[in-house]
Amino acid sequence: MAGRPGDGAGATPGLRLETRTRVQRPPLYKVLILNDDYTPMEFVVHVLERFFGMSHAQAFELMLTVHKSGLAVVGVFSREIAETKVAQVMDFAQRHQHPLQCTMEKE
Ligand code: TYC
């Protein structure tokens with residue numbers, strides 16, 4: 001059978017040359033918002049609108065999910081974008097003296 005490009009046919013017998021390029025997709029990260037007893041509901045809704053581009057209705061629904069179940073994924077991003085979102089939310093919450101927690105984890 002004729003060799004295909006990249007299969008090393010015609011090269012030194014026994015020496016298979018690896019010519020394919022292996023492409024690794026960069027890992028994705030989930031950004032999570034955690035419930036607490038003190039952050040006002042409206043503040044969480046505002047955070048979701050401001051930093052995650054949600055409509056008021058989407059943000060309100062997700063905030064209620066977090067309030068009832070403890071946490072929720074708010075988005076999935078590349079590492080750098082996820083890190084930026086987490087830093088923005090944590091900074092915004094701290095500046096308003098709310099204990100809201102935002103974290104990220106590898107998918
Ligand atoms: N549990 C908060 C309250 O009753 C509201 C809240 C919702 C806080 C979601 C954080 O991620 C959160 N005021």
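**Close-up views of the ligand site and a helix pair**

View 1. A polar side-chain atom of Asn35 lies 2.8 Å from a nitrogen atom of the ligand, a polar contact being a pair of N or O atoms within 3.5 Å. The backbone also takes part: a backbone N or O atom of Asp36 is 2.7 Å from a nitrogen atom of the ligand, and one of Leu34 is 2.8 Å from a ligand oxygen atom. This is a predicted model, in which local features need pLDDT of at least 70 and side-chain atom pairs count only at pLDDT 80 or more, while totals for chains, interfaces and linings use all residues. Residues are numbered from 1 along each chain as its sequence is written, and side-chain values use heavy atoms, without hydrogens and water.

**View 2. The shell around the ligand.** The residues surrounding the ligand, with a heavy atom within 4 Å of it, are Ile33, Leu34, Asn35, Asp36, Thr39, Met41, Val44, Met63, Val66, His67 and Leu100. By class, seven of the shell residues are nonpolar, three polar and one charged. At least two residues come from each of β1 (28–34), α1 and α2 (56–69), with α2 giving the most, three residues.

**View 3. The contact of helices α1 and α3.** The axes of α1 (residues 41–52) and α3 (residues 79–95) come within 11 Å and cross at roughly 145 degrees, these axes being lines fitted to C-alpha atoms over the stretch in contact, with angles running from 0 to 180 degrees between N-to-C directions. The contact, meaning heavy atoms within 4.5 Å, joins Phe43, His46, Val47, Arg50, Phe51 and Phe52 of α1 to Lys85, Gln88, Val89, Phe92 and Ala93 of α3.

Note on methods. Helix = DSSP H or I, 4+ residues; strand = E, 2+ residues; numbered from the N terminus. Polar contact = N/O pair within 3.5 Å; in protein donor to acceptor, adjacent residues only side chain to side chain. Nonpolar A, V, L, I, M, F, W, Y, C, P; charged D, E, K, R; others polar.
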